[in-house]
Each structure stands twice: as structure tokens, then as C-alpha cells.
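Here are a few notes to go with the model. Have it open while you read.

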Amino acid sequence: MQLSRRDLFRSSLVVGGAAALGGLGSLSADAVAGTGVHGAAARSAGRTTTRTTVLGKGPAGAGGWRPVVALPGESWVVRTGLGANAKKGRAARRKAVLAFAQLSDVHVVDAQSPIRVEYGEGVSSSAYRPQEILSGQVMDAMVRELNTIGAAPVTGRPLAFAIQTGDNSDSTQYNEIRWNIDVLDGETVRVDSGDLTKYEGVMDQVPAFYDTMFWHPDGTPEGKEDDVARAQYGFPTIPGLLDAARQPFDAEGLAIPWYAAMGNHDGLVQGNFPATDSQRAKAIGDKKQTSKGERTVTADPDRRLLERVEWVQEHFTTTSTPVGHGFTEQNVADETAYYTFDQGKVRFIVLDTVSPFGDKGYLDATQLAWLKKLLGASRRKLVVIASHHPLASFSDKTLAAKIERLLVGYDNVIAWVNGHTHTNNIWPHVRKEKGKAVGGFWEINTASHIDWPQQSRLLEVTDNKDGTVSIFATMVDHGAPLEFNGDLDDPAQLAGLSRLLAANDWQERDNHRLGKRTDRNVELLVVAPKFLR
């Protein structure tokens, strides 16, 4: 297997044509929950969700470059397997319980930070992406799209809140998490650091540090070879992009309350390493290592690396609700990042799965004991777990199996919502008795904002009044234009350009981060807990 450069680290600008993403395959019409969407729900299921329109990649041109194209929407595939059958007539009986939005792996990036290791091999994950300079604009575009949608596409119920499931920032830097919070708060945001008059990083044209492995949108310095992005992979030249990406923009701000979970990139240097004294000094210093040697850049104290408690504390400096965004003063006192909150009949348990040893999932004994106690006190609630890492990303498989057994032992745990993989996945966790499925929960793993397809997900919980509960999941593409018209002063155009760059990132072309059809728009059935029957 040939590894991409990003794998090694961790381990035509037009719309045209059409492409098939893979249809329903052998799924029959009976397996698609496309009925019962009326009134307000029908209106909210318009162009703004993938129920009506899905974005995909068009035919390849020079260098394999593909446009982003609009494709027919996807209805909800019904998934069973946890002992709950899809009973006829449930659409007429069902009662909406809750609707909310999930954003994951936003990765607001300080692309000029000295702590970044774009130059290295075998050092760190997510080292470089051509679109990373536009992470703030992408986040704002998604916030605007969620505000436009406003209500869930199946039930029409207003979205109660949104939750970020980690990697909200990229390298545990103060400025990165501030940009993340400020976008959600609707502030004027400038994703820039160091010398505010120029970009200082691996994508500029300084001849002494020009490296062809990185895309240089301003072109090729005299006497140098074209970079591989433009020479081999069809990437364009866009003069002025590096300056435009750093300009302030007025974020709209999320119109609903929002909560946050911590990811490994929020708590570790580039998502992999605990901060050392030398790394802390490097982050705020004026020396950046590159493949061409050490480079002098402009120092910035706002690049300082945060401890877990400092990262949590930043969520109390906010103009949106709730203050703390789920974190409490107890979290600050205990230096923890896990908590719980209720939304009507649903209790959310937000875990801190960041390991002190690397990018894999982890729970220490104290948090696991807290989880056990809380589950025991939550039997009259539907329970949804939220975290950054899925169980599949835990390096300790014995621990992962222990957590799975714990959760499937409760008939009121219906879902675990997470991210980290940058890919849409949905996995069943089955509780069996005498070899027969009698319950369990669904693990809903959502793609990122930093990599293609730059999606979020809407989730709706319904009581079907027939002994089953449904969880509807609907993917959302941010509302930036599909075609980049060259306007570098428009943040929405820049967000659309970011999606186009992500679709063509040469390190990602063999990855299928959209997931399977059954990982996207779905109706997930679970057995209703006893207190609902």
C-alpha cells in the first residue's frame, strides 16, 4: 500500500459535469424512509440539506483536478439490527423528542505557527493541507448554513443546540481556540498571526525556503520549479490568496446555544504530543524549522500553548450561550473536561477522550467511574454520549470493549456521537440475549470541516410510539458557492474555494471520507427503553 505524505506524518475552477457517488446498491425502496415529511419539515428539507442536494466530485480534468458538482439528494436509509423493527405507520405516530446539530473536526488553523512541522517525515499527523489557510471562513460558512436551516428536516422541530465534538482548534494554541469561539460568537475574526502585513509560512514565495512539496498559490519564484500541486495535480495559480485569507471577516455567529468537547488537537501539539517547555518556547518564538533550514518569522505571544484547564477556561469568555459551553466551574477546579447536560428527555454525557500519550482515544479510571455513576443515575432519560474519539480509535482495545459492555448494558443509551476519523461512519453496538439482538446503541461518527467533504450533521430523536425510537441523521454541506468566481474579498467565496481545494488535495484523493450511503442520511432504529413503553 502506498502511503500519502500525511499518513507518513502520523504514522479548472469551474463547476461542470456530473458524477455518481454510488447509489442505493441493493437497498430496496422499502429501505428508504422518504415519507412523512410535510409542512415546516418539508420547507427545512430544501436546498440546505443533503436530503435535496448532495455535493460530489465531477469528472477529472488535467492533473486529476475535479470540480465540485451538485447531485441528486439522498433520502433516509432505514437501518435496523439492534432488535428494533421498522414498523409500518410509524411516520404518522412518531413524536419529535429533540433535534440538534453536530460539528466536528473544524480545525481552525494558525497555518503560520512555528510549532507546525510541515517539513518532517514520521513526526505528526495532519501536517499540511492546501486549504488550511481558509479554516475560519469554512467554519463561518457552516454556521451560516445551520442558521439558515434552523429546523430539522424530518420533524420540523427547531434545532435546540449544536455540539462541537473536538479538534475545534488544530494545535492547542490560544489564538486558534479564540478564533473558533469568536466565529461561533459572531465576532470580527482575523485568522492571522505574527506579522499582520504578510503571510510567513510554507506556501509563500521566499526563494530561500521555497519547497515544491507545498502549493504556492502566488506562483513560482524566478529560477525555481513549479510545485507539485500545480505541475502534477492541476492546482491553479491564485495571486493574492495568501493575503486575502488573512483579512478580517464578520462572522455571523451561531443562532442557537452550543457545547464543546475536547479533541486531541485541542489538547496536544498538532494532536500528538504533550506540550514541553521547549515546544512552548518555540510556539511563541521567531524560529520556524522548514525543509530548507531554520527560518526567522515574526513571534506572536497569542500562539501560546494551553493546558487543558486553560483551554476549558476560554469557553467562559464568550457572548453566546451557555456560558462555559457545557464546561463548569467544577471542571476548572478539577482540571477536567467532561460534563453532562439535559435537553428535556435526553441526557448528554460529554466525555474527554484525549490521551496524554498520543492521538488515540482514552478514558482514565476516574472518568470511567464518573461515567458509571452517572449512567446509574440516568435511567429515566434517553442517553446520548458525545466525545471526540470513537471506540475504534482507542488504542487500548480492552478498555474500548469494557466501555462498550458498560454502555450496551443500559437500555436507555441510544447513541454515541463523535468525530476524529474525518469520515462519515455509523456503527451498531448490539446487546444480545441468547444470541438474539435485543437492544444496543448506534455510534455516529461524522466527517470534518477541514478535509473533504467539509460536512456537519443534523440529528433528530423521535419516539415512534410503538416500542421503538428513531434517530434521524442528515448530512449538511456548508452553503458556500460551488464555483469560485475569483472574488478574494468575499469570505463565502473563500470557503467555497477551500472545499474545492479539499476535494482535490492530492494526499486525500484515495480516501472516501463521504462514507457509504448507509453512513450518511439514515433512520437508525433502537428499542425504546422501558420508561418510554
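1. Accessible areas here come from the Shrake-Rupley method with a 1.4 Å probe, and for residues only the protein chains shown count as cover. On that basis the protein exposes about 19500 Å², with carbon and sulfur atoms supplying 50% of it.

2. Some housekeeping: this is a predicted model, where local features need pLDDT of at least 70, side-chain atom pairs count only at pLDDT 80 or more, and totals for chains, interfaces and linings use all residues. Residues are numbered from 1 along each chain as its sequence is written, and side-chain values use heavy atoms, with hydrogens and water left out.

3. Of the 533 residues in the protein, 60% are buried (under 20% relative accessible area, 1.4 Å probe, protein chains only).

4. The largest nonpolar core has 73 residues, and Phe 100, Phe 161, Leu 254, Phe 348, Leu 382, Ile 414 and Ile 444 touch the most other members. A core here is a set of buried Ala, Val, Leu, Ile, Met, Phe, Trp, Tyr and Cys residues joined through side-chain atoms within 4.5 Å. There is also a second, separate core of 32 residues, which includes Tyr 199, Met 203, Phe 235 and Leu 497.

5. Have a look at Val 417, in strand β16 (residues 413–418); strands are DSSP runs of E, at least two residues, numbered from the N terminus. Val 417 is buried, at a relative accessible area of 2%. Its C-alpha atom is separated by 8.1 Å from that of Gln 102, 315 residues apart along the chain. Leaving out residues up to four places away in sequence, Val 417 touches several others, including Phe 100, Gln 102 and Ile 444 (contact means heavy atoms within 4.5 Å).

Notes. Buried means under 20% relative accessible area, exposed over 50%, partly exposed in between (1.4 Å probe, protein chains only). Helices (H or I, at least four residues) and strands (E, at least two) are DSSP runs, numbered from the N terminus.
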